[in-house]
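Hi,

Here is the structure I said I would pass on. Have a look at it first, and then read my notes below.

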Amino acid sequence: MKQLVVDIGNTRIKAAIFGNDMLLKEFIFEDFNSFLEESKIQEFDHAIISSVTYTEDRLKELLDFEFLFLGSKTLLPFKNLYATPETLGVDRKAAVVGARTIFKDCPIIAIDLGSCITYDFMDVNDRYLGGAITPGLQMRLKAMNQLTARLPLVDLEQGIIPKFVGDSTVSCLRSGVYYGIQFEMKGFIQEYQEQYHGLKVIICGGDSKIFESLTKDHIFVIPNLVLHGLNRILSYNVNYQ
């Protein structure tokens, strides 16, 4: 059985074909039309779509195949103890489910480095408790440029870890954002470790590769974690019927 999973984010569309829970193909699209053309030539039995930009009704108008739309009432393979479940982001649900597909019988935290950085925690009994949301890498860089009179808009150089002690305004901005996020993550992880023995951590999302240096025996970087989570949610709903 083949399954199509689609994650429509703020900037890109990520999709994959799974067969018997194995990732067979992975795709990244910069626009909806490119995804539309690709979906027409793929063979699959079931599909799931997670979207932060399109409603379910709009997608039904655009697509010619049936799909499960990940929403607030979708059946999930965990007990959701979030106080406001209707506001829990679809990407956060998928990330923590993806983490559980990789690590069983232990507390887990999924850290998704996207437009925002989300921390999502599940205990050893598959109870989702919540987490935290902070500004993402690009959001921090843009905020310092847009909310000040003189600070320039900079970006992190691909594959280059910034100097810790910046010696120019540009290098200070890069240092502040990069190490600010790194120390933030380390702080969150340490606090969770102290409260929950045996914690496993998975870092995912578009900016996750920038922080691969954090990889240790209990910290793993898996950029496409959300796709694995979507596949698990789809299988859970298909088997529940």
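In helix H4 (residues 137-146), the buried residues are Leu137, Arg140 and Leu141, where buried means under 20% relative accessible area, exposed over 50%, and partly exposed in between (1.4 Å probe, protein chains only). They sit on the same side of H4, because they cover an arc of only 95 degrees around the axis (the arc is that of the directions from the helix axis to the C-beta atoms). Helices (H or I, at least four residues) and strands (E, at least two) are DSSP runs, numbered from the N terminus.

Before going on, keep in mind that this is a predicted model: local features need pLDDT of at least 70, side-chain atom pairs count only at pLDDT 80 or more, and totals for chains, interfaces and linings use all residues. Residues are numbered from 1 along each chain as its sequence is written, and side-chain values use heavy atoms, with hydrogens and water left out.

What do the buried residues of H4 pack against? Their partners are strand S8 (116-122), strand S9 (127-135) and helix H5 (169-195), with contact meaning heavy atoms within 4.5 Å. H4 lies across S8 and S9 and runs at about 30 degrees to S9; axes are lines fitted to C-alpha atoms, for helices over the stretch in contact, and angles run from 0 to 180 degrees between N-to-C directions. H5 packs on the sheet too, touching S7, S8, S9, S10 and S11, and its direction makes about 10 degrees with that of S8.

Now the sheet itself. Six strands make an open sheet with mixed pairing, in the order S6-S9-S8-S7-S10-S11; two strands pair if DSSP finds at least two bridges between them. At the edges are strand S6 (79-80) and strand S11 (219-221), each pairing on one side only. S8 and S9 are antiparallel and share seven bridges, and Met122 has Tyr128 in S9 as its bridge partner.

Next, the nonpolar cores, which are sets of buried Ala, Val, Leu, Ile, Met, Phe, Trp, Tyr and Cys residues joined through side-chain atoms within 4.5 Å. The largest has 30 residues, and those touching the most other members are Val5, Phe78, Val96, Ile108, Leu225 and Leu230. Strand S2 (13-19), helix H3 (90-102), strand S7 (108-113), strand S10 (200-204) and helix H6 (225-240) each give two or more residues to this core. H6 gives the most, with seven. There is also a second, separate core of 26 residues, with Tyr178, Met185, Val201 and Val221 among them.

Last, the charges. A salt bridge here is a side-chain nitrogen of Lys or Arg within 4 Å of a carboxyl oxygen of Asp or Glu, and the count comes to nine. One of them joins Arg92 and Asp120 (2.7 Å, N to O). This pair links distant parts of the chain, with Arg92 in helix H3 and Asp120 in strand S8, 28 residues apart. Both Arg92 and Asp120 are buried.

Asp126 and Arg100 also meet in a salt bridge (2.7 Å, N to O). Asp126 is in the loop between S8 and S9 and Arg100 is in helix H3, so the pair ties together parts 26 residues apart in sequence. Asp126 is partly exposed at 28% relative accessibility, while Arg100 is buried at 10%.

Cheers
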